Amino acid sequence: MCACTPLQEQKETEQPEGDDTQQLYKHQPRRFYRLHNSCARSSLPSTLYPSSRERNLGTMQSGYHQHLISLLFVFSSLQVHQLTEGCSCALSHPQDAFCNSDIVIRAKVVGKKLLSDGPFGTMRYTVKQMKMYKGFDKIQHVQHIYTDASESLCGVKFDINKYQYLITGRVYEGKVYTGLCNFNEGWERLSLAQKKGFNHRYQLGCNCRIKPCHYLPCFVTSKNECLWTDMLSHFGYPGYQSRHYACIQQKEGYCSWYRGMTTRDKTAINATDP
């Protein structure tokens with residue numbers, strides 16, 4: 001327990017008289033000032049000066065609250081990211097898109113209407129079909145294309161009365177559905193080899209398997225595989241093989257890349273080229 005005397009009283013009772021004595025005790029008031037402060041603090045209620053255990057508990061609670069707020073922020077960010085960028089599609093060669101689709105057509109989009117189906121609705125596009133490349137056994141003539149109205153659910157958007165599109169999709173209950181994970185591209189943006197591929201070449205390779213190569217080393221493991229290396233290129237996707245090559249089954253039974261870009265170059269090449 002600390003016994004304290006007011007500072008003013010200490011100056012009057014403790015300070016000696018005389019010049020020499022005053023010189024000796026000239027720093028004494030400062031020492032009494034520190035003692036006075038420490039004693040005054042000890043005499044205050046404990047609620048104003050919490051103990052070390054209470055201070056540690058408060059620090060832990062503050063850290064817990066900060067951690068909880070951080071977790072809530074991350075969770076909310078993930079939710080927003082999931083809503084805005086919920087559509088994720090694997091890269092696909094145009095030949096795979098052709099072979100895995102029920103319908104492949106070239107058409108011009110002439111109208112659209114939002115239908116109240118599902119949580120975000122369904123967009124129905126009215127199309128003018130120019131040519132059908134696949135799907136004669138599914139539907140004779142396509143008049144409407146259906147897709148999700150929200151891009152986060154892989155809904156695709158087409159321009160109205162502007163371009164002709166190469167559209168691929170699935171048939172369900174007599175309706176054609178497509179999305180961002182299907183191959184949908186402006187017809188004029190396709191290479192000559194891709195146009196010929198959708199016309200007839202791609203269907204010759206539907207028994208072949210195009211094997212993506214994302215990092216080296218990668219190899220073909222069967223005779224019906226073609227090694228797809230566009231992802232290794234600095235130019236990314238779509239790459240040279242996507243735009244200019246088709247994986248075609250040869251007479252010997254194996255599959256290899258076929259480059260049909262020009263009339264003078266109609267030779268089959270091995271599975272590792274280019």
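Q: Which residue forms a salt bridge with Arg 189?
A: Glu 185 does. The closest N and O atoms are 3.6 Å apart. Keep in mind that this is a predicted model.

Q: What does Glu 151 pair with?
A: Lys 157, again through a salt bridge. Their closest N and O atoms are 3.4 Å apart. Lys 157 is exposed at 58%, while Glu 151 is partly exposed at 44%.

Q: Switching topic. What does UniProt place at Cys 87?
A: The feature "binding site", from an unreviewed entry. Cys 87 is in the loop between helix H4 (52-84) and helix H5 (94-99). Its relative accessible area is 22%, which is partly exposed.

Q: What is Cys 87 in contact with, leaving aside neighbours within four places in sequence?
A: Glu 151, Ser 152, Cys 154, Leu 180 and Cys 181. Glu 151 is also the salt-bridge partner of Lys 157.

Q: Where does Val 156 lie?
A: In the loop between S3 and S4. Val 156 is buried, at 10% relative accessibility. Beyond its neighbours within four places in sequence, its contacts include Tyr 125, Thr 147, Leu 180 and Asn 184.

Q: How far is Val 156 from Asn 184?
A: They are 28 residues apart in sequence and 8.5 Å apart in space, C-alpha to C-alpha.

Q: Back to backbones. Which peptide bond is cis?
A: The bond from Leu 216 to Pro 217 is cis, with omega near -5 degrees. Pro 217 is in the loop between strand S7 (209-212) and strand S8 (225-228). Leu 216 is in the loop between S7 and S8 too.

Q: Is Leu 216 buried or exposed?
A: Exposed, at 64% relative accessibility.

Q: What about phi at Asn 161?
A: Phi there is near 55 degrees, a positive value in a residue other than glycine. Asn 161 lies in the loop between strand S3 (144-148) and strand S4 (164-172), and is partly exposed at 46%. Glu 173 has a positive phi of about 55 degrees as well, and is not a glycine. Glu 173 lies in the loop between S4 and strand S5 (175-177) and is exposed at 67%.

Q: Last one. Which strand does S9 pair with?
A: Strand S10 (residues 255-259), in the antiparallel sense over 5 bridges. Ile 248 stands opposite Ser 256 in S10. The hairpin has 5 residues between the strands, and Gly 253 takes a positive phi near 105 degrees.

Q: How many residues of S9 are buried?
A: 4 of its 5, so the strand is mostly covered.

Definitions and conventions: Residues are numbered from 1 along each chain as its sequence is written. This is a predicted model: local features need pLDDT of at least 70, side-chain atom pairs count only at pLDDT 80 or more; totals for chains, interfaces and linings use all residues. Side-chain values use heavy atoms; hydrogens and water are left out. Helices (H or I, at least four residues) and strands (E, at least two) are DSSP runs, numbered from the N terminus. Buried means under 20% relative accessible area, exposed over 50%, partly exposed in between (1.4 Å probe, protein chains only). Contact means heavy atoms within 4.5 Å. Two strands pair if DSSP finds at least two bridges between them. UniProt positions are given in the numbering used here, feature names are shortened, and annotations may be inferred rather than shown by experiment. A salt bridge is a side-chain nitrogen of Lys or Arg within 4 Å of a carboxyl oxygen of Asp or Glu.
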